[in-house]
Amino acid sequence: MRVLSLVNVLLYKYTGQGDIILGSPISGRDHPDLEGQIGFYVNTLALRTRFNGNDSFEAVLSKVKEMALGGYSHQSYPFDSLVDELSLSRDTSRHPLFDVMVTYQESEGKEPELDEESKSSYENTKGMSHVVSKFDLTFNFEEKGNELGIGIEYSSDLFARSTIERMLNHIGELLTSIVASPEVSISSLSYIPQREQSILLEEFNETATIYPKEKTIVDLFEEQVEKTPNRVAVVFEGKELTYCELNERANQLARYLHSNYKIESDTLIGIKMDRSLDIIISIIGVLKSGGAYVPIDPEYPQSRIDYIITDSRCELLLDRLAYDKFEQSQEDYIKDNLGTFISSSDLAYVIYTSGSTGQPKGVMIEHRGILNTIVSQNKIFELKKHKRSLQFASYSFDASVSEIFISLTSGVVLYLVGDKERKVPELLESFIIEKSIEIATIPPLS
């Protein structure tokens, strides 16, 4: 009853559930006439305990005792009949009543007397695991003298060995807490060893990344241009631009915007174009002008496009017609960098939500916000070790910002995948293999 209570409390600590059913085998030789019979007289009890986090271990033990005694008094009721009577929906991959089994046995503590050959055979087979686990988890307790041993049999499809090893450590810690304070609420009992607590609360939370807070995403891109001017930066449908070429065209676009429109800090400029090298030039060019871009997917319904343009109060919509107009006079503008006049607190872009719970809302992101993300991701993904990345996401989705700038601030070649390949998994797979893509952010397919 104590080990049943222990397992119940452990599972409560893991799940927060206070209504738990455990399986437990029980000897079926409850009548004197059966003592001399040969056969496997064992039945399985489904033991359901209800408790809550405010209960002490003593209270849980009391409830388990009451439940177990009730189960023992009906132990002769056939398990198969119980399952049939309950009319449960059956799943052949799972046990019908419980997922966790608890066994308990007593041992005299003496090893069998064997000759050397038999002893060697016994040692090789002692403690061997079952090839197939009958349940998700089976807690096997064995009382041996003044010691209590425990082993866990588990489904390797559900649990890793390291998880089970931690679980054994948790049981030991939980036992220590119970012995020390059986009267406190089980929600207050500690079950995580100090070392693991330190990992969870301190090491896992050491996520601070040092980044240049005064810089902008434009600064990082221009620094990369200086390092690798002749390296290919972006590729789309057989066309490519080096870092230098991409930077120069973005500079020309930025100067064009300044000459023809009143562009100031936080001025919003809509970008509505199909996938192309020009859209990458446009994004960087808008940022270099000091404005913030608002990506608008051309495939959106016209009503959504109109709403975003109106709601954002875009100073300019940079669509294919407007971009073609820029290209006609592109060579009139110098290619040099514009100089530093953008603040890290200036807006970088505004992306609109799906609007599934109401009207779409524009989310405003400053340079320092996206800069923090990009520097952190570059560090985590170790971009310096890779050469090719994929630009998959729609430009109206914020994942595209990460895809573009983790590449263009680390010297990686950014491959833009076409709309056809984006929508057909087999074509996307072929594209990734053909281009030897090493970094990709792709949503899982249903």
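In the predicted model, strand β9 (residues 292-295) directs Ala292 and Val294 to one side and Tyr293 and Pro295 to the other, with all of them buried, where buried denotes a relative accessible area under 20%, exposed over 50% and partly exposed in between (1.4 Å probe, protein chains only). Strands, here and below, are DSSP runs of E with at least two residues, and helices are runs of H or I with at least four, both numbered from the N terminus. In a regular strand the side chains alternate between the two faces of the sheet. Strand β8 (residues 268-272) runs parallel to β9 and is joined to it by four bridges, pairing being assigned if DSSP finds at least two bridges between two strands. Within this pair, leucine 268 is placed opposite alanine 292 of β9.

Residue numbers start from 1 along each chain as its sequence is written. Because the model is predicted, local features need pLDDT of at least 70 and side-chain atom pairs count only at pLDDT 80 or more, while totals for chains, interfaces and linings use all residues, and side-chain values rest on heavy atoms, with hydrogens and water left out.

The chain comprises 15 helices and 14 strands, and buried residues account for 42% of its 446 residues. Of the contacts between residues at least 6 apart in sequence, 68% join residues at least 24 apart, a contact being heavy atoms within 4.5 Å. Helix α7 (residues 217-227) is largely enclosed by the rest of the structure, because eight of its eleven residues are buried. The buried residues of α7 are Ile217, Val218, Asp219, Leu220, Phe221, Glu222, Gln224 and Val225, and their cover includes α8 (243-260), α9, α12 (367-381) and α13. Alanine 68, located in helix α2, is likewise buried, with a relative accessible area of 0%. The C-alpha atoms of alanine 68 and methionine 1 are 7.3 Å apart in space, although these residues are 67 apart in sequence.

Grid points are joined across faces, edges and corners, and a volume is the space filled by probe spheres set on the points. The second largest pocket has a volume of about 410 Å³ and is lined by 17 residues, of which Leu45, Ala46, Leu47, Arg48 and Leu82 lie nearest its centre. At least two lining residues come from each of β2 (42-50), α2 (57-73) and α3 (79-86), with β2 giving the most, at seven residues. This lining divides into ten nonpolar, five polar and two charged residues, where Ala, Val, Leu, Ile, Met, Phe, Trp, Tyr, Cys and Pro count as nonpolar, Asp, Glu, Lys and Arg as charged, and the others, Gly among them, as polar.

Three cavities of 30 Å³ or more are counted. The largest cavity, of about 80 Å³, has a lining that includes Thr216, Asp219, Glu222, Lys288 and Phe341, and α7 gives the most to this lining, with three residues. Four nonpolar, three polar and three charged residues make up the lining of the largest cavity. The second largest cavity, with a volume of about 40 Å³, is lined by Ser389, Leu390, Glu403, Ile406, Ser407, Ile439, Ala440 and Thr441. Two or more of these residues are given by each of β13 (388-391) and α13 (399-408), α13 giving the most with three.

Positive phi values occur in residues other than glycine at two sites described here. Glutamate 237, with phi near 50°, is found in the loop between β6 (232-236) and β7 (239-242) and is exposed, at a relative accessible area of 65%. Serine 436, with phi near 55°, lies in the segment after α15 (425-434) and counts as partly exposed, at 42% relative accessibility.

Conventions. 1 Å grid on protein atoms, 1.4 Å probe; cavity = no way out; pocket = protein on both sides within 12 Å on 5 of 7 lines; lining within 4 Å.
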